[in-house]
Amino acid sequence: QVQLVESGGGLAQPGGSLRLSCAASGSIFSIDAMGWYRQAPGRQRELLATITSASRTNYADSVKGRFTISRDNAKNTVYLQMNSLKPEDTAVYYCNANIRSRIGVRYDYWGQGTQVTVSS
C-alpha cells in the first residue's frame, strides 16, 4: 500500500508565504512525475505544477513566478513553496504522484488535501 501525506497548509495573509510538503510512503519501487493541484469551492480541480523524476518543472500561468515546486527523491517528498499569496489562492491543495510499487504496478496516488486560506 502507498500513501501520500500532506502538511503545511493553514492561514496566510495576502502577500505572505506558505510551504506545503507531501511525503510518499509504503511499497514504493520508483516515483515518476509528482504534482500539486488545488480545488476551490464550486470550481474544478486545477493543475498548478508538476516535476519529473529528473526535476524538470512546469507551472500553470496562474502561479508561475510565485510558486515553486521541488522534490527530494531520497525522502520521496515533493514541496510547493508559495509566495506572494493572494486571496484567490484559497483552496484545498492536493499532491499527486505516479508511483510504481514493488510488485510492478504503476498508479496515480493522491494526498488527502490540505486547506490553504489567504485572508487578512
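Student: Which backbone oxygen does the side chain of arginine 66 reach?

Tutor: In this predicted model, the side chain of arginine 66 reaches the backbone oxygen of serine 84, at 3.0 Å. The side chain of arginine 66 also makes a polar contact, at 2.8 Å, with the side chain of aspartate 89.

Student: Where in the chain is arginine 66 found, and which residues is arginine 66 in contact with once its neighbours within four places in sequence are left aside?

Tutor: Arginine 66 is found in the loop that lies between strand 6 (57-59) and strand 7 (67-72). With those sequence neighbours left aside, arginine 66 is in contact with Gln81, Met82, Asn83, Ser84, Leu85, Lys86 and Asp89, a list that includes the serine and the aspartate already named.

Student: Is arginine 66 buried or exposed?

Tutor: A residue is read as buried when its relative accessible area is under 20%, and as exposed when that area is over 50%. Arginine 66 has a relative accessible area of 11%, and therefore counts as buried.

Student: How should I read glutamine 44 by the same cut-offs, as buried or exposed?

Tutor: Glutamine 44 has a relative accessible area of 72%, so it is exposed. Its place is in the loop between strand 4 (28-39) and strand 5 (46-51), and, not counting residues up to four places away in sequence, glutamine 44 touches Arg38 and Gln39.

Student: Turning to the whole chain, how many helices and strands does the protein chain have?

Tutor: The protein chain has 0 helices and 11 strands, so that, read from the N terminus on, each element in the series β-β-β-β-β-β-β-β-β-β-β is a strand. The radius of gyration is 14 Å, close to the 14 Å that the globule rule gives for 120 residues, and the protein chain is therefore as compact as a globular protein of that length. Along the principal axes, the C-alpha atoms fill a box of roughly 50 × 25 × 25 Å.

Student: What percentage of the residues in the protein chain is buried, and what percentage of the accessible surface belongs to carbon and sulfur atoms?

Tutor: Buried residues make up 39% of the 120 residues, while carbon and sulfur atoms account for 46% of an accessible surface of about 6,500 Å².

Student: What percentage of the contacts between residues at least 6 apart in sequence joins residues at least 24 apart?

Tutor: In the protein chain, 55% of those contacts join residues at least 24 apart.

Student: How many positive and negative side chains are there?

Tutor: The protein chain has 13 positive and 8 negative side chains, and the centres of these two sets lie 4 Å apart.

Methods:
Residues are numbered from 1 along each chain as its sequence is written. This is a predicted model: local features need pLDDT of at least 70, side-chain atom pairs count only at pLDDT 80 or more; totals for chains, interfaces and linings use all residues. Side-chain values use heavy atoms; hydrogens and water are left out. Helices (H or I, at least four residues) and strands (E, at least two) are DSSP runs, numbered from the N terminus. The radius of gyration is taken over C-alpha atoms; the globule rule is 2.2 Å times the number of residues to the power 0.38. Buried means under 20% relative accessible area, exposed over 50%, partly exposed in between (1.4 Å probe, protein chains only). Contact means heavy atoms within 4.5 Å. Accessible areas come from the Shrake-Rupley method with a 1.4 Å probe; for residues, only the protein chains shown count as cover. Lys and Arg count as positive and Asp and Glu as negative; His and the chain ends are not counted. The place of a charge is taken as NZ of Lys, CZ of Arg, CG of Asp or CD of Glu. A polar contact is a pair of N or O atoms within 3.5 Å; within protein, one must be able to donate a hydrogen and the other to accept it, and residues adjacent in sequence count only if both atoms are side-chain atoms.
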